Each structure stands twice: as structure tokens, then as C-alpha cells.
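Open the model in your viewer and keep the sequence panel beside it.

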Amino acid sequence: MVCKKALFPGSFDPFTRGHEAVVREALRIFDTVVVGIGDNVSKRGLLTPRQRAMLIHDLYANEPRVEVEIYSSLTGDFARRCGASVLVRGVRTGYDIEYEQNMAAVNRRLYPDLTTVILCTPPELSHISSSVVRELLEFGHDAGDMLPQGVEIKDYISK
């Protein structure tokens, strides 16, 4: 049964096939998925938050149930502002699960009405992370198979 608005927060620098798989699964459960791009001014990334938002927006241009927003507050505060009652978190490994359980406990303490739902990425995508993609690209290697089909990072760096 489809219900509620969910927030899928992250840095998404860049948005990978693993992120895409989590959004696909979340859309099976929720009416709307807000991809919330956290803007951490102390981090210098491959893409600016605006470039990341454009990439994700272009990827889901034909999916009206996906919204893309940039935020620079605590994730729980942003969830309240955008009307989400659920946080969606994607995990690849046991380490990710442990980390996300701790974050869910903190969020439950601060935001008792906010539920965290953990979705597992498919095993064949578990090796993909934004940091791996950034490193490959930084050293001139192709990472196209780790990105959603049709996404060319260079198209967004120049925007």
C-alpha cells in the first residue's frame, strides 16, 4: 500500500545507481519521495548542491512523485518543513546498518513523530558509493556504470 511523503536525505555527490535503486523502492511504498540534498558548506564536492539538484531533477523529470530540494539544516527539521513523516535511508553493508540504526535512534529522540525506514540496495550495487565514483573520476577513470543510465557528470560540472 502506498502512503505518506518520505524524505531521502543525503549528499548525493554524485547520485549513483544505488541511490536510484533506493528511490525506485521507496516509490513502491510512498506517495512522494523528496530527495533532500544536504548542503554542507564545510565540504567541497565534485558537484555543487545546485548541480546535484539539476542532475537528480533531470533524471526524474518524468516522475512527478519525486521532488528534489536542497537544505542546510538538521535533516529532521527539513523533514518537518517539507511535510515528510518518514526518513528513507539506503544501506549497502552491515556497517551502514549499524550507522543508520544509531542515527535513527538520535532522530527518534529529537523528532518522535519521524520514522526511519531502512532500504537495502541490491547486492550487485553494494560496491557503489559516491566517494568511490568521485575518486575514480578524479583520477581519470570511467565510472559510468556506477551512475544512472544516461547520466554524464561532465554535463553538470559545466552548468
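Is cysteine 82 buried or exposed? Select cysteine 82: its relative accessibility is 10%, so it counts as buried. Buried means under 20% relative accessible area, exposed over 50%, and partly exposed in between, with a 1.4 Å probe and protein chains only.

Before moving on, note that this is a predicted model, in which local features need pLDDT of at least 70, side-chain atom pairs count only at pLDDT 80 or more, and totals for chains, interfaces and linings use all residues. Residues are numbered from 1 along each chain as its sequence is written, and side-chain values use heavy atoms, with hydrogens and water left out.

Next, select cysteine 120, which counts as exposed because its relative accessibility is 58%. The structure holds zero disulfides, a disulfide being a pair of cysteine sulfur atoms within 2.5 Å.

Now switch to a cartoon view and find the sheet. It is open, with five strands in the order S3-S2-S1-S4-S5 and parallel pairing. At the edges stand S3 and strand S5 (115-120); each has a single partner strand, so one side of each lacks a neighbour in the sheet. On average, neighbouring strands here are turned by 30 degrees against each other, direction ignored. Strands (E, at least two residues) and helices (H or I, at least four) are DSSP runs numbered from the N terminus, and two strands pair if DSSP finds at least two bridges between them.

Alanine 6 has valine 86 in S4 as its bridge partner.

Go on to the loop between S1 and helix H1 (17-29), where proline 14 sits. The peptide bond from aspartate 13 to proline 14 is cis, with omega near 0 degrees. Phenylalanine 12 is in the loop between S1 and H1 too. Its phi is near 50 degrees, a positive value in a residue other than glycine. Most residues other than glycine have a negative phi, and most peptide bonds are trans. Phenylalanine 12 counts as buried because its relative accessibility is 2%.

Last, select leucine 74, in the loop between strand S3 (66-71) and helix H3 (75-82). Leucine 74 has 51% relative accessibility and therefore counts as exposed.

Terms used:
Axes fitted to C-alpha atoms, helices over the stretch in contact; angles between N-to-C directions.
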